[in-house]
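Here's a quick tour of a protein model, written for someone new to reading structures. Take a look at it first, then we'll walk through the insides.

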Amino acid sequence: MEKPNQNLNDAERDNEHTVVIADEGAEPDGDNLLETLPLKPQDRYKFIRSIGFGGMKGVLLVHDRDTDRDVAMAIMPDFRDRPVRDLNRFVREAMITARLEHPNIVPVYDIGIDALGSPFFTMKYLHGSTLAVVLKRLRSGDEKTRQEFPQVRLLQIFQRVCNAVAFAHSKGICHFDLKPGNIHCGDFGEVQVIDWGLAGPETETGESERMKGTPGYMAPEMLIPGGKAGKASDIYALGGILYAILTLDSPLAGLPQQEVLRRTASGRIGPPSRSGQPVSPGLDAICMKAMARDPADRYAGAVDLRREINEILSGYAAQAEQASFWRNTLLFLRRNIYAVVIFILLLISGALAYLALHLYRQI
């Protein structure tokens, strides 16, 4: 499912599309979850304008009369023509997101059905841009965006995304569609992971079960029938987001979709440093470890990945880098540059004082 960016016009929206790789043997319909939703008062929400439509979902800006605030409302305009599995997926997205109460996850306020029987849920109205749009502007050379989003800030945003993912994993929920387009950067420093439409527990893909996600950010195991999609798949996607932050573009950008899928499945993805962008050895190593083909070779959790980024931001070498003695020495000197300069100045001053005293005694 692709959720439109809430506050952007069509020209600014990112082009990362969630796709269904196969649609044979889709999950059975099951019970209709709409029957469990409460009927909400018709006059509580006042329509303001449409924000956008994408996939099976539309997003409106409405005014909540009960709380006197503007909120975003997700709706399913063609719910009568949708199979039960789509209706259930819509309801599950709302319920899962509502359970994930975290500063870096978009909050859900209300869920129900209206007088016509249409399902809806409301959430925080987000001001700002998605990370995908920020990276697109940086890629185009926008000076204002470059000043507002230096690499240090982008890495701090990434750490907050790791916090959200770690929290969701602690609740047994995987996102399964992490990408820059699903990370919202607010006008006042807020960072929130959005669009939990594919979220759920760890699962195994069957021989003919649909596989969903975004090429470039989907882990290899999500492309293989019988592969286990879970927390490690989200770690891979986090690596893809880090790759995009370092190169200003998605992994395997510019290649046809099928070639992206083939290279993902075989693990043929070059390090970010080959993109032409300046990338430190530590960030290069972190990214490639997170995107390792074998899930066992990736970071054990989002907390470990966040900790590695913190090491880089603090001036230390990442464990994934396996830095040499000389590399660690260089980083030590950089971290303590002022102390090193003062020490050198003291040595020079001492040497000059000794030399002056020696010359004075000779006179």
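A cavity is a set of points, on a 1 Å grid over the protein atoms alone, where a 1.4 Å probe fits but cannot get out; lining residues have an atom within 4 Å of a point. Grid points are joined across faces, edges and corners, and the volume is the space filled by probe spheres set on the points.

Keep in mind that this is a predicted model, in which local features need pLDDT of at least 70, side-chain atom pairs count only at pLDDT 80 or more, and totals for chains, interfaces and linings use all residues. Residues are numbered from 1 along each chain as its sequence is written, and side-chain values use heavy atoms, with hydrogens and water left out.

**The whole chain**

- The protein chain has ten helices and twelve strands; these are DSSP runs numbered from the N terminus, with helices (H or I) of at least four residues and strands (E) of at least two.
- Of the 363 residues in the protein chain, 48% are buried, where buried means under 20% relative accessible area (1.4 Å probe, protein chains only).
- For contacts in the protein chain with a separation of 6 or more, 65% come from residues 24 or more positions apart; a contact means heavy atoms within 4.5 Å.
- The protein chain exposes about 18100 Å², and carbon and sulfur atoms supply 54% of that. Such areas come from the Shrake-Rupley method with a 1.4 Å probe, and for residues only the protein chains shown count as cover.

**The largest cavity**

- The largest cavity holds about 60 Å³ of space.
- Its lining includes Phe176, Asp177, Leu178, Tyr217, Met218, Ser233, Asp234 and Ala237.
- Helix 5 (residues 231–247) gives the most to this lining, with three residues.
- Sorted by class, the lining of the largest cavity has seven nonpolar, three polar and two charged residues. Here Ala, Val, Leu, Ile, Met, Phe, Trp, Tyr, Cys and Pro count as nonpolar, Asp, Glu, Lys and Arg as charged, and the others, Gly among them, as polar.
- Zoom in on Ser233, which sits in helix 5. Ser233 is buried, with a relative accessible area of 2%.
- Leaving out residues up to four places away in sequence, Ser233 touches Ala219, Glu221, Met222, Lys228 and Arg298.

**The second largest cavity**

- The second largest cavity has about 40 Å³ of space.
- Lys124, Leu126, His127, His184, Gly186, Glu190, Val191 and Gln192 line the second largest cavity.
- Strand 8 (183–186) and strand 9 (191–193) each supply at least two residues of that lining.

- Strand 3 (residues 57–64) has eight of its eight residues buried, so it is largely enclosed by the rest of the structure.
- Lys57, Val59, Leu61 and His63 point one way from strand 3, while Gly58, Leu60, Val62 and Asp64 point the other way, and all are buried.
- Strand 2 (residues 45–54) runs antiparallel to strand 3, and eight bridges join them; two strands pair if DSSP finds at least two bridges between them.
- Across that pairing, Phe47 stands opposite Val62, and Ser50 stands opposite Leu60.
- Strands 2 and 3 make a hairpin with two residues between them, and Gly55 in the turn has a positive phi of about 60°.
- Strand 3 also pairs with strand 4 (residues 69–75), in the antiparallel sense over seven bridges. Here Leu60 stands opposite Met73.
- The hairpin of strand 3 and strand 4 has four residues between the strands, and Asp68 takes a positive phi near 55°.

**Two loop residues**

- Where is Ile105? Ile105 is in the loop between helix 1 (84–99) and strand 5 (108–113).
- Ile105 is buried, with a relative accessible area of 1%.
- Ile105 and Val161 are 56 residues apart in sequence and 8.6 Å apart in space, C-alpha to C-alpha.
- Glu321 lies in the loop between helix 8 (302–313) and helix 9 (325–335), and Glu321 is buried, with a relative accessible area of 15%.
- Not counting residues up to four places away in sequence, Glu321 touches Pro281, Gly282, Ala285 and Arg327.

Conventions:
On a 1 Å grid over the protein atoms alone, a cavity is a set of points where a 1.4 Å probe fits but cannot get out, and a pocket is an open set with protein on both sides within 12 Å along at least five of seven lines; lining residues have an atom within 4 Å of a point. Buried means under 20% relative accessible area, exposed over 50%, partly exposed in between (1.4 Å probe, protein chains only).
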